[in-house]
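Q: I have just opened this entry and would like a walk through it. Could you take me around, one topic at a time?
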Amino acid sequence: MSRLVIVSNRVPAPRERGAAAGGLAVALREALAGREALWFGWSGSNHAPSYQPRQTRAGRVTFATIDLPQADFVGYYRGFSNGMLWPLLHHRMGLAEFRREDLAAYRRVNEGFAAALLPLLRPGDVVWVHDYHLIPLGAGLRRRGFGGRIGFFLHVPFPPRVIFEALPQGEDLLADFGAYDVLGVQTEEDAENLNEALARRGLPARAASFPIGIEPDTFAAEARAAAAGPDGARLRESLGQRALILGVDRLDYTKGLPQRFRGFAQLLRRFPEHRNRVTFLQVAPVSRGDVAQYRTLRRELDELAGRINGEHAEFDWVPLRYLTQTVPRTTLAGFQRIAGIGLVTPLRDGMNLVAKEFVAAQDPANPGALVLSRFAGAAQAMEGAILVNPHDPDEIAEALHIALTLPEAERRVRWERMWQAVRRNTAGSWARSFIAALDVAAARAA
Ligand code: GDG
């Protein structure tokens with residue numbers, strides 16, 4: 001079996017690689033298991049800036065990391081990746097800020113990645129590049145003579161062509177996609193959008209959808225254990241007889257949090273029978289706090305949460321609990337099991353793993369209901385969820401009311417359909433099918 005080379009902006013630190021890991025480390029766990037692999041990327045630090053990789057080994061996986069120079073990092077990561085590409089790809093041009101020096105830093109870092117990675121590559125290696133930070137990496141490797149297979153997976157949406165075309169020098173990025181043998185995106189719609197943009201430039205339109213998932217059985221077991229643990233007991237005790245509505249999102253403007261808070265307030269206004277009978281817990285760990293748009297959002301949410309509680313609280317009941325700290329992964333899994341309602345309303349989301357985690361965490365005998373944005377990639381396959389337009393707080397309120405009043409038998413039917421969907425596309429099947437596509441690409445080229 002050929003060696004698998006994973007490249008991502010951030011390589012998980014040693015403590016993030018084990019059982020407590022989240023994100024890509026979890027998604028790739030199965031793909032990496034038992035396979036010779038190299039994982040290359042940024043260490044997460046800028047202390048000893050050098051494009052000379054440091055290598056450590058854990059089992060059959062070698063981790064090779066570089067510390068980016070602060071000046072490059074700021075333009076590449078905070079500037080072009082998160083200040084320009086992130087909003088653009090989520091259809092939010094109004095929040096994007098383009099600076100030529102950021103684009104230059106983005107290209108410099110991608111060149112630095114390519115130059116640092118090339119000497120580590122062996123003939124026969126299969127390279128899998130992740131996400132919008134690294135679109136030009138494949139082309140950089142090709143220019144340096146790497147002839148092996150390279151695939152690219154975009155974790156976030158790809159917008160319609162007319163939106164993408166607003167990106168200055170966007171044609172160069174499209175041309176960069178041309179270096180990859182396999183181009184993966186989350187949904188059919190993303191694939192159509194990217195293919196249309198590529199075809200207009202006369203580039204091979206080979207994007208296809210590979211919906212990412214979770215490890216449902218592992219997550220279900222974690223949730224079951226954690227719900228019975230001390231934090232689960234504390235949460236349940238604090239709720240009393242009230243139903244729990246749960247939201248879990250990085251504090252990000254794509255997640256629709258202000259609209260969601262307003263939707264909850266509308267529920268209390270328009271359906272007063274739920275007053276003092278529900279508690280909404282929103283876990284929203286601060287993310288990208290060094291980007292201005294995120295600080296603005298945080299202020300808005302602080303104010304909204306205060307206002308909603310001020311207006312609706314009673315002396316023995318605080319309707320909205322809002323946490324900006326990170327909660328440990330297993331604790332969170334337990335909370336998801338205790339929740340009667342999962343509230344997942346991003347304005348735009350590549351997939352949204354929280355929706356899948358909520359489903360996996362439920363007690364099959366008495367499962368909760370999921371209120372889900374129709375603009376999350378997860379909505380494509382999630383029959384059984386109550387779908388909403390996340391821009392409309394009233395629609396969110398109505399969906400919450402439906403969810404809170406669903407008979408148990410219907411909750412079970414809906415949950416069963418969602419559970420089947422979550423088990424169909426898992427983290428493991430996602431990684432396997434992407435790697436299989438890379439193998440086929442090689443056979444075609446040979
Ligand atoms: C990107 C795309 C795509 C959240 N708060 C805490 C915590 N989390 C965990 C969740 C979940 C993960 O973080 C978030 O994943 P999502 O998929 O929901 O969203 P993004 O971070 O935006 O991820 C997305 C994904 O990439 C994968 O391709 O689905 O569309 O935007 O696992 O549970 N984990 C812990 N504490 C928290 O407070 N431990």
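Q: Into which domains is the protein chain divided?
A: Keep in mind that this is a predicted model. The protein chain is divided into domain 1, made of 4-213 + 427-445, and domain 2, which covers 216-423.

Q: How many Å separate the centres of domain 1 and domain 2, and how many residues are in contact?
A: Taken over C-alpha atoms, the centres of the two domains are 30 Å apart, and 24 residues of domain 1 are in contact with 20 residues of domain 2.

Q: Next, the inside. How many residues has the largest nonpolar core, and which have the most contacts inside it?
A: The largest nonpolar core has 88 residues, and Val 7, Leu 85 and Phe 113 are those with the most contacts inside it. Helix H2, residues 70-89, gives the most to this core, with nine residues. Domain 1 and domain 2 both give residues to this core, so it lies between them.

Q: What is Leu 85 in contact with?
A: Leaving aside its neighbours within four places in sequence, Leu 85 is in contact with Phe 80, Tyr 106, Tyr 132, Ile 135, Leu 167 and Leu 173. Apart from this core lies another one, of 63 residues, and Val 61, Leu 372, Met 382 and Trp 415 are among them.

Q: Changing topic: how many residues surround the ligand, and which are the closest?
A: The ligand is surrounded by 21 residues, of which the closest are His 155, Val 327, Asp 349, Leu 353 and Glu 357.

Q: How much of the ligand's accessible area does the protein cover?
A: On its own the ligand has 730 Å² of accessible area, and the protein covers 83% of this. Helix H12 (329-338) and helix H13 (353-361) are the elements that give two or more residues to the shell around the ligand, and the largest share, three residues, comes from H13.

Q: Where is Asp 131 found, and what is its phi?
A: Asp 131 is found in the loop between strand S5 (126-130) and helix H4 (137-143). Although Asp 131 is not a glycine, it has a positive phi of about 80 degrees, and with a relative accessible area of 12% it is buried.

Q: Now Gln 282: buried or exposed?
A: Gln 282 counts as buried, at 0% relative accessibility. Its place is in strand S10, residues 278-283, and its side chain reaches the backbone oxygen of Gly 247 at 3.3 Å.

Q: Last one: why is helix H1 largely enclosed by the rest of the structure?
A: Helix H1, residues 23-32, is largely enclosed because seven of its 10 residues are buried. Among them are Leu 24, Val 26 and Leu 32, and the helix is followed by Gly 34, whose phi is positive, near 75 degrees.

Technical notes
Residues are numbered from 1 along each chain as its sequence is written. This is a predicted model: local features need pLDDT of at least 70, side-chain atom pairs count only at pLDDT 80 or more; totals for chains, interfaces and linings use all residues. Side-chain values use heavy atoms; hydrogens and water are left out. A nonpolar core is a set of buried Ala, Val, Leu, Ile, Met, Phe, Trp, Tyr and Cys residues joined through side-chain atoms within 4.5 Å. Buried means under 20% relative accessible area, exposed over 50%, partly exposed in between (1.4 Å probe, protein chains only). Helices (H or I, at least four residues) and strands (E, at least two) are DSSP runs, numbered from the N terminus. Domain bounds come from an automatic or database domain assignment. Contact means heavy atoms within 4.5 Å. A polar contact is a pair of N or O atoms within 3.5 Å; within protein, one must be able to donate a hydrogen and the other to accept it, and residues adjacent in sequence count only if both atoms are side-chain atoms. A residue is near a molecule or strand if one of its heavy atoms lies within 4 Å of it. Accessible areas come from the Shrake-Rupley method with a 1.4 Å probe; for residues, only the protein chains shown count as cover.
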